[in-house]
Amino acid sequence: MSEFLSQGGYGAYVWGAYGLTLILLLGEVLQLRRQRRTIFARLSRMIRLRPRRERGDPA
Amino acid sequence: MKLFRFSSPATFYPLAGKLIPLFWVLTALALAIGFYWGFFETPDRLGGTNPQKEYYRIIFIHVPAAWMSMWLYLMLAVWSAIGLVFNTRLSFMMAQATAPTGALFTFVALYTGSFWGHPSWGTWWDWDPRLTSELILFFLYVGYIALHSAIDDPRRGDKASALLAIVGLVMLPLIFWSINCPDPNQCAALHQRSGLSQMEGNILFAMLTMTFGLWMYSFAATLTRLRSLILEREGDSAWARDLLERER
C-alpha cells in the first residue's frame, strides 16, 4: 500500500495531479447543484408572486 | 422535421433530464476502470528512447483532459456557428453550457502537464509551442465566458461570444500540430514526440478509458448546466411554469 502511495518517490506529483483534478471536478458538480437550486428557488418565488388569474395562461 | 423536434428547449429539457443519470453512471464506471488499469496493469517504468519513471502515470489524466479541452472547444465553436446560421436559441445555450467545463479541462491539462514536466524536464513551465498554445486556448475559454456575461442582453451576448468562439477556432490546428509535428526536422527543439502506435497496449487502454470517462463527465456536466440555463432564460414561458408547478 505504501509502495502504491509513494509511486517510486513521485507520489507528490502523481497524487497532486490526480487529487487536484478530483477536487476541481467535485467543485464543478457542487457549483452546478447550487446553480440549479438558486434558479428553482427564484422561479418558484416568481410564480408565487404572480396573480392567480395569470397562472397557466399561455405566454 | 423530426430532427428539429429536440432543438426546442421545451422538448430538450426533459430529454436531457433522462440522459444525465446514464452519463453519470458511465463516468463513474469508465474512470474507475481507467484508474485501476492505469495504476495496476501498467509497468512502473518506461524504457526505450524516452525512459520515464512512475510520474508518467500523470498522462492518464493529462492526455484525456487535453483531448477534451480541444474537443469541447470544437463543440463550443460548432454550436456557436449553428446558432449564428439558424438563429436557434438552444444551440447558443449549448455553447454557453459547454464553455465552463471546457475551461476546466484546459486548466487540468495545463497543471497536470506542469506536474509531469517538473520531474521529467526539470521545469514547471516552458514557453514551448504546445504549452503556450494550450494556455491561449484557456484564455479563449475565459474570454468567451467573460464576454458573454459582460453583455446584459443574453441574445446579444450569444452572438458576440459566438463570433469570438469561431475566430478562436484557429488555435485548434496550432495545438494539434505543436504536439503532432508534421515535419520532425523542424520539431527537434520540442521536448518529446508523441505517437499512439509506439504506445504499450495497457497504457493506451487506460488512457482511452479515462478519455471516455471524462467525455461522459462532460456530457453530464454540460447537460446539467444546460438545463439550468434553459430554466433561467425561458423560466417565464408557459411550459417552464407548468414544469415548476408539477415539480413543487
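At what angle do the axes of helix 4 (residues 129-150) of chain B and helix 5 (residues 154-168) of chain B cross? They cross at roughly 165° and come within 8 Å. That makes helix 4 of chain B roughly antiparallel to helix 5 of chain B (an angle over 145 degrees). This is a predicted model, in which local features need pLDDT of at least 70, side-chain atom pairs count only at pLDDT 80 or more, and totals for chains, interfaces and linings use all residues. Residues are numbered from 1 along each chain as its sequence is written, chains are lettered from A in the order in which they are written, and side-chain values use heavy atoms, without hydrogens and water.

**Helix 4 and helix 5 of chain B**

- On helix 4 of chain B, the contact (heavy atoms within 4.5 Å) is made by B:L140, B:G143, B:Y144, B:L147 and B:H148.
- Helix 5 of chain B contributes residues including B:P154, B:G157, B:D158, B:L164 and B:G168.
- By class, this contact has eight nonpolar, five polar and one charged residues, with Gly counted as polar and Asp, Glu, Lys and Arg as charged.

**Helix 4 and helix 6 of chain B**

- The axes of helix 4 of chain B and helix 6 (residues 171-179) of chain B come within 8 Å and cross at roughly 155°.
- These two helices are therefore also roughly antiparallel to each other.
- Helix 4 of chain B passes helix 6 of chain B in a left-handed crossing.
- From helix 4 of chain B, B:P129, B:R130, B:S133, B:E134, B:I136, B:L137 and B:L140 meet B:M171, B:L172, B:I175, B:S178 and B:I179 of helix 6 of chain B.
- The residues of this contact divide into eight nonpolar, two polar and two charged.

**Interface of chain A and chain B**

- Chain B gives 43 residues to the contact and chain A gives 36 residues.
- The two chains bury about 3500 Å² between them (accessible area lost on being put together, 1.4 Å probe, summed over both), 67% of it on carbon and sulfur atoms.

**Salt bridges**

- Over all chains, the whole structure has five salt bridges (a side-chain nitrogen of Lys or Arg within 4 Å of a carboxyl oxygen of Asp or Glu).
- The count between chain B and chain A is two.
- A:E28 forms a salt bridge with B:R225, with the closest N and O atoms 2.7 Å apart.
- A:E28 lies in helix 2 (residues 11-49) of chain A and B:R225 in helix 7 (residues 201-234) of chain B, so the pair joins two chains.
- Helices here are DSSP runs (H or I, at least four residues), numbered from the N terminus.

Terms used. Axes fitted to C-alpha atoms, helices over the stretch in contact; angles between N-to-C directions. Parallel < 35°, antiparallel > 145°, perpendicular 65-115°, else oblique. Left-handed = near helix turned anticlockwise from the far one by under 90°.
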